[in-house]
Every structure is written in structure tokens, then in C-alpha cells.
Amino acid sequence: MARISRRLSFILAALILVGFFSATFALSTLTREQSIRKLDDNPVGFQAAESENSNESEKPTGSVVLEKFHRSQTKPNGQKEWEITADVGEYLPQTSVVRITNGTLLLFKADGSQTKLIAPKAELILSGTDLTEARCSGGVKIEHKGDTTISSETITYGRVDGRVVAPSRVIIENSSGTTSADSMQGNVETRIFQLLGSVRTEIRPQNKGMP
């Protein structure tokens with residue numbers, strides 16, 4: 001069996017260590033590049049959330065999660081069109097859907113008024129990065145000018161035409177009283193709503209001053 005000198009053994013050990021660290025650095029760089037590439041492919045600007053206990057059967061592969069979700073869109077003149085905030089947002093790139101939890105959608109009108117849609121759960125349907133539809137559930141509420149409130153278990157809002165559909169029992173409240181119906185459809189732009197099924201109205205007495 002051939003024997004090597006002590007000096008040669010030190011040289012061989014040094015070469016082995018250099019090769020090991022070079023391979024480790026290359027692997028780390030590759031992993032980082034793959035991670036950056038995955039985020040760049042994400043049109044909504046989410047950051048990936050990793051979990052050791054993630055269940056792939058419950059969460060689709062490739063979905064990314066962001067806490068304190070916030071999105072908005074403005075017109076070319078700088079006027080804000082809509083704004084969405086939520087505790088959590090989960091983006092599903094294979095379906096162009098964002099699922100949000102405890103979300104609020106603000107719609108800004110040209111006259112300066114606002115319409116607020118509040119939902120415990122919602123699915124936001126995207127076309128590219130633009131919002132086209134919001135499917136809200138879990139006990140949804142629409143507030144307009146702080147005076148009128150529309151409540152229903154589920155409400156679907158179409159941003160393109162302003163259409164609102166509540167397929168289950170709906171309750172409308174304002175300073176004049178309360179109106180309920182089996183379902184409702186209408187438009188937040190024209191503020192015209194059609195109540196369907198059994199409709200009931202309770203008028204609230206107005207406090208009038210002394211003559």
C-alpha cells in the first residue's frame with residue numbers, strides 16, 4: 001500500500017474542504033434563485049408562507065399567503081377606485097383567485113362618497129391584476145354613507161357593472177326603518193335595488209321638534 005507524506009495529506013484535506021464549501025455555496029445560490037423566480041411569477045405581490053405542518057390536500061400547491069393583505073387601484077387621474085384590506089389573503093395562481101379573511105372592500109365614487117362592503121370571508125376574482133368580482137360570505141354587510149346598511153349571509157359584487165346579488169334573506173336598515181326580503185339584486189352605482197320574495201317593512205317613527 002502506497003504511503004503519502006504528511007505535507008501531501010494536509011494539501012489533500014484542504015482541497016476536500018474547499019470542494020465541500022464550494023458545493024454548499026452553489027446549492028444555496030440555486031435555492032435562492034429559484035425562490036426569487038417563484039415570487040417574480042406572482043402578479044399579486046404575495047410573499048410565500050412556509051409551514052412544516054402544511055397539508056397539501058387542504059391547500060393547493062403553489063398558493064401563497066400574506067397577512068395584513070392590502071390592495072387598491074386608482075384611475076389615470078390619480079383618483080382611487082377601490083381598496084381592499086384583510087387580516088389574511090391567500091393567492092391561488094392556478095385559478096386567479098384571492099381568498100381573504102375578515103376583509104373590507106371600499107368603493108370610491110366620483111362625488112366623494114364611499115360604499116363599504118364588509119365580509120368575514122370572500123373570494124376575489126382577478127383578471128390579471130384587476131378585480132372583476134367579489135364573492136362574499138359568512139354574514140356580509142354593505143354600508144353606504146353611514147346611513148343605509150344592507151346585510152345578508154352571502155353577497156356577490158361585480159365591479160365591472162356594479163351589480164350586487166344577495167340570494168338569501170336580506171335586511172336593509174336606515175334612519176326611516178327596516179325592510180327585509182327573501183333575496184335581492186341591484187346596483188351600487190345606480191343605488192337601485194329590487195327586493196324579491198316575501199317583503200316586510202317596519203317604519204321607524206321620526207322624532208319631530210316642537211312647533
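**Hairpin, core and enclosed spaces**

Reply: To begin with the hairpin of E10 and E11, 4 residues lie between the two strands, and Arg191 takes a positive phi near 60°. The model under discussion is a predicted one.

Me: In which sense do E10 and strand E11 pair, and over how many bridges?

Reply: Strand E10 covers residues 183–187, and strand E11 covers residues 192–196. Within this pairing, Gln185 stands opposite Gln194 in E11. The sense is antiparallel, and the number of bridges is 5.

Me: Which residue of E10 is the bridge partner of Arg163?

Reply: E10 also pairs with E7, in the antiparallel sense and over 4 bridges. E10 is mostly covered, with 4 of its 5 residues buried. The partner of Arg163 in E10 is Asn187.

Me: Is Ser152 buried or exposed?

Reply: Ser152 belongs to strand E6, which runs over residues 148–158. Apart from neighbours within four places in sequence, Ser152 is in contact with Gly139, Val140, Ala166, Ser168, Arg169 and Val170. Its relative accessible area is 5%, and a residue under 20% counts as buried, so Ser152 is buried.

Me: Which backbone oxygen does the side chain of Ser152 reach?

Reply: Among the contacts of Ser152 are Ser168, Arg169 and Val170. The side chain of Ser152 comes to 2.9 Å from a backbone oxygen, and that oxygen belongs to Arg169.

Me: Which residues touch the most other members of the largest nonpolar core?

Reply: This core has 30 residues. The elements giving two or more residues to the core are strands E1, E2, E3, E4, E5, E6, E7 and E8. In soluble globular proteins, nonpolar side chains tend to be buried together. The residues that touch the most other core members are Ile84, Ile100, Leu105, Leu117, Leu124 and Tyr157.

Me: What is the relative accessible area of Leu107?

Reply: Leu107 is found in strand E3. Beyond four places in sequence, Leu107 is in contact with Glu81, Trp82, Ser113, Gln114, Thr115, Tyr157 and Val188. Leu107 is buried, and its relative accessible area is 7%.

Me: What distance separates the C-alpha atoms of Leu107 and Leu117?

Reply: Tyr157 touches both Leu107 and Leu117. Along the chain, Leu107 and Leu117 are 10 residues apart, and their C-alpha atoms are separated by 8.2 Å.

Me: How much space lies in the second largest pocket?

Reply: The lining of this pocket consists of Lys75, Glu81, Trp82, Leu107, Phe108, Lys109, Ala110, Tyr157, Arg159 and Glu189. E2 and E3 each supply at least two of the lining residues. The space in the second largest pocket is about 190 Å³.

Me: With which side chain does the side chain of Gln73 make a polar contact?

Reply: Gln73 has its place in strand E1. Not counting residues up to four places away in sequence, Gln73 touches Lys80, Glu81, Trp82, Asp130 and Arg159. The polar contact of the Gln73 side chain has a distance of 3.3 Å, and the partner is the side chain of Asp130.

Me: Which elements give two or more residues to the lining of the largest cavity?

Reply: The structure holds 2 cavities of 30 Å³ or more, and about 50 Å³ of space lies in the largest cavity. Residues lining the largest cavity include Ile84, Ile100, Leu105, Leu117, Leu124 and Cys136. The elements that give two or more residues to this lining are E3, E4 and E5.

How values were computed. Residues numbered from 1 in each chain as written. Predicted model: local features only at pLDDT ≥ 70, side-chain atom pairs only at ≥ 80, totals over all residues. Heavy atoms only, no water. Buried < 20%, exposed > 50% of the residue type's maximum accessible area, 1.4 Å probe, protein only. Polar contact = N/O pair within 3.5 Å; in protein donor to acceptor, adjacent residues only side chain to side chain. Contact = heavy atoms within 4.5 Å. Core = buried A, V, L, I, M, F, W, Y, C linked by side-chain atoms within 4.5 Å. Pairing = 2+ DSSP bridges. 1 Å grid on protein atoms, 1.4 Å probe; cavity = no way out; pocket = protein on both sides within 12 Å on 5 of 7 lines; lining within 4 Å. Points joined across faces, edges and corners; volume = space filled by probe spheres on them.
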